[in-house]
Amino acid sequence: MGERVRIRMTVLAVLVLAVPSSASAREALAPGLVHERLVRPGPVIVHVLRLDRYPARRAAPDGALFRVDAVAAGPLASGRERLSSIVASRSGAGAVAGINGDYFSWAGVPTGLLLDETGLVRDPAGFRSSAVLGADGALHVAQLGLAGTAVEIAPDGRAVGIAAAITAVNRLPRQGGGETILYTPRFGAASPPSPGVGSLVLAPLDPAAPLIGPVGARVLAVGGQGGVSLAGRLVLSLGGGRAARLAATLAPGDVVRLDLGVPGLPADAATGIGGGPALVVDGRPVAAREGFTQAQVTGRTARSAVGQTADGTLLMVSVEDGRSGPSRGVTTAELARLMADLGARTAMGLDSGGSAGISVRGTTPATVGPAGERAIATALVVSYRGVQLPPLGRVSPNGDGVDERLGPVYRLTGRSAVRGDLLGPRGRRVARLGAGWRDAGAHRLAVPVRGLRDGRYRVRVVARGEGDRRASRMIRSVVVDRTLGHLRAGGRPGAMAVSFRLSRPARVSVRVRVAGGWRTAVSGRRLGPGARGVRVAAPPGRRAVQVVARSSMGTSVREAPVRVRAR
């Protein structure tokens, strides 16, 4: 007797993720946020996050439902993390998707700007572009630089004595020395060792104030050669001659003012990230080098970019290369043309190659190849504080014990009044799925599908947070489809016996997985309702069989492993 195996149904949502290399796809992640997979000639496979009219969405009556943040994977001195983990770890705060950020050293220190609600985490690389989002959601791309100084402040608030230039913020010292670098707790547990270079240890006068612009601090200690704890402290590494002379005039208890200016930074800057080069200016692709080598800009590889259209839609784009499939990758010039074609009025490149990728709900980026996902230093993360409900696909309550139930899980970022409904094909409510106050976190809905007729339904979840005047909502489609069921497969010498039941007429295809891919054994055979069976030839070994039924209800797919014995 051949081995008999019960087959599990492949849900449609999985098929959306595993689309053929020639297919484009589109998924709404939240109202106004869409993930697209585009296939362009080459082929070039492009992943696009579109956040519709971002500035307008920040002006909602209850505050912005969306926010985009430049985030660090961890302490700059030691923090690198996979993009999928960066997004997944922030799901409780509403993170929906993210794209890789700036170039970085293997120690994890980004090359250029990192700006967030705590202030200047990393100063910009003046020879490369930075991307900054204002509080109004507008994207600004420009080459920025640090204009930093440190000076003693008298009791009456006047600057006295020597003003020393601050060269960088949270960067490892370069060979040759002569730099005065400010280290903050975001760098790591301690400032780096600096043999022969003294340190000025400071305590911020207002620990909660962002570290940008004028920052007051009290001197705790003068001296040492790096390796100073950064817990609640700032450390100024005194590599410059003027900085050393400034330190010689200071004693514990004195007050200094750190001026951390970034000329050209928008006054309402909310978050920012480094990268480069600039790709699109005023809607036209540009050929900026910004210190990159010829090989870095002309090689076809996986690449990422961020841009914005004329109506304020944010674009986060990542292109696959040959590591993950047939896509050939793009050059920097081709990426610039792509961003312009997508409607960008302004755009900037991000890190490329093995770092490039987009993660949706913490999934592994499609750009990742056999070597696995690279840990990166920074990312741009899109968060949504409204109710989140993932795609539902289809359910098959036909009595065979496979995918008979539907229990979608929705997520809240804060305590909310929630109402769930099941809507029928004509939009009328078929069933109430619960109502009441729910705490932040994940919650499951029980959808009564067994008594439903086959058809297309929608699950609607409406949530209004405490203190909000308006509710957020998400609606997901679900198909109740009993077309294909009771699937069995057995391995025979050199063949498989496959049986199944159809509840309506369908075109049926049967495929067998062999070495090198799938082989079609039956293609589009028209079959009526009832019990059906086919025998297909298959080489010995561990194989898999897949049955596809295309009917008026769409496409049902089931698949399972089967062991085929040798003759």
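An open sheet of 8 strands runs in the order β14-β13-β20-β18-β17-β19-β16-β15, with mixed pairing; strands are DSSP runs of E of at least two residues, and helices are DSSP runs of H or I of at least four residues, both numbered from the N terminus. Two strands pair if DSSP finds at least two bridges between them. At the edges stand β14 (159–166) and β15 (168–169), each with a single partner strand, so one side of each is left without a neighbour in the sheet.

This is a predicted model, in which local features need pLDDT of at least 70 and side-chain atom pairs count only at pLDDT 80 or more, while totals for chains, interfaces and linings use all residues. Residues are numbered from 1 along each chain as its sequence is written, and side-chain values use heavy atoms, with hydrogens and water left out.

**The edge of the sheet and its helix**

- Strand β15 is joined to β16 (residues 180–183) by 2 bridges, and the two run parallel.
- Opposite Val169 stands Leu182 in β16.
- Helix α4 (residues 241–248) lies across β13 (147–153), β14, β16, β18 (213–223) and β19 (234–238).
- The helix runs at about 145 degrees to β14, where axes are lines fitted to C-alpha atoms, for helices over the stretch in contact (heavy atoms within 4.5 Å), and angles run from 0 to 180 degrees between N-to-C directions.

**Thr184**

- Thr184 is found in the loop between β16 and β17 (198–204).
- Thr184 is buried, with a relative accessible area of 2%; buried means under 20% relative accessible area, with a 1.4 Å probe and protein chains only.
- Not counting residues up to four places away in sequence, Thr184 touches Val169, Asn170, Leu211, Leu230, Arg233 and Leu234.

**Strands around β36**

- Strand β30 (residues 393–395) and β36 (residues 472–480) run parallel and are joined by 3 bridges.
- Val478 in β36 is the bridge partner of Gly393.
- Strand β35 (residues 455–465) pairs with β36 in the antiparallel sense over 9 bridges, and Arg456 stands opposite Val479 in β36.
- The hairpin of β35 and β36 has 6 residues between the strands, and Gly467 there takes a positive phi near 85 degrees.

**The whole protein**

- The protein has 6 helices and 43 strands.
- Its C-alpha trace spans about 95 × 55 × 45 Å along the principal axes.
- Of the 567 residues in the protein, 51% are buried.
- Among contacts between residues at least 6 apart in sequence, 68% join residues at least 24 apart.

How values were computed
Buried < 20%, exposed > 50% of the residue type's maximum accessible area, 1.4 Å probe, protein only.
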